[in-house]
Amino acid sequence: MRGEEPPSARVPLSRHRIVTAALEHIDVEGLASLTMRRLGTRLGVEAMSLYRYVPGKEELLDAVVETLISDLREDADVLPAPQAGWQDFLQRLAHGVRRVALTHPVAFPLVASRPPEAPWLRPPLRSLDWVETFLAGLTADGFSDDGAVAAYRAFTSFLLGHLLLEVAGLGADLGPLDVLDDGEEESLADHPTVARLRPGLMEDHASAEFEEALETLLDRLALIRAAG
């Protein structure tokens, strides 16, 4: 409409607003289409205006990851420390991370691909704050130091492996992990068993599989805790 003010004139530009808009763009348009120019258009400003708040695209993507991880702090079901035992603590944390992944499936792989705060941190619990929360929670509830570290490695491997595969099924770009499209279906002529069982293979049991794998992991961690 003629004379209408651009969005930036009504709402002040800020780093938070820029990062939020970038995440929204990734959710809807995909990561590959994100550019500073397109983000500026989305916000109603020139791209150069964004650099005052975010030095470049790499820093912008790091900020998107920080936002995804910080969303866990806003999840009322995720606890800052065990209240009903370490298993309840980890179940809540695992489901919180999964909610983040399913809310932002296209953006979630950035959690694995962007550099963490320290090279020995593992995604998706890749911030020092969350690693501190995890390790302090477990050592306060009976884990030895070595046991807590082993639990951290096992827990993060479980979460990342399961959730990356799950978001791939929701359209996330994982490169070599991307599933074949329907154009590859003719190759099943040489794989009759796969072709016969394909309907079952295509069924979505992600939620149940997540629960079963999480229970198995918790049983393993209970043994680690007892050994410690």
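1. Helix α6 buries W86, D88, F89, L90, L93, A94, G96, V97, R98, V100 and A101. Buried means under 20% relative accessible area, exposed over 50%, and partly exposed in between (1.4 Å probe, protein chains only). These buried residues pack against α5 (57-70), α8 (128-139), α9 and α11 (206-227). Contact here means heavy atoms within 4.5 Å.

2. The model is predicted: local features need pLDDT of at least 70, side-chain atom pairs count only at pLDDT 80 or more, and totals for chains, interfaces and linings use all residues. Residues are numbered from 1 along each chain as its sequence is written, and side-chain values use heavy atoms, with hydrogens and water left out.

3. The 18 residues of α6 (residues 86-103) should span 26 Å at 1.5 Å a residue, and the end C-alpha atoms are 26 Å apart, which agrees. The expected span is 1.5 Å times one less than the number of residues. Helices (H or I, at least four residues) are DSSP runs, numbered from the N terminus.

4. H162 sits in helix α9 (residues 145-168). H162 counts as buried because its relative accessibility is 17%. Setting aside neighbours within four places in sequence, H162 contacts A206, E209 and F210.

5. The axes of α2 (residues 15-29) and α3 (residues 36-43) come within 10 Å and cross at roughly 105°. The two helices are therefore roughly perpendicular (65 to 115 degrees). R17, I18, A21, A22, E24 and H25 of α2 meet R38, L39, R42 and L43 of α3. Axes are lines fitted to C-alpha atoms, for helices over the stretch in contact, with angles from 0 to 180 degrees between N-to-C directions.

Note on methods. Angles under 35 degrees count as roughly parallel, over 145 as roughly antiparallel, 65 to 115 as roughly perpendicular and the rest as oblique.
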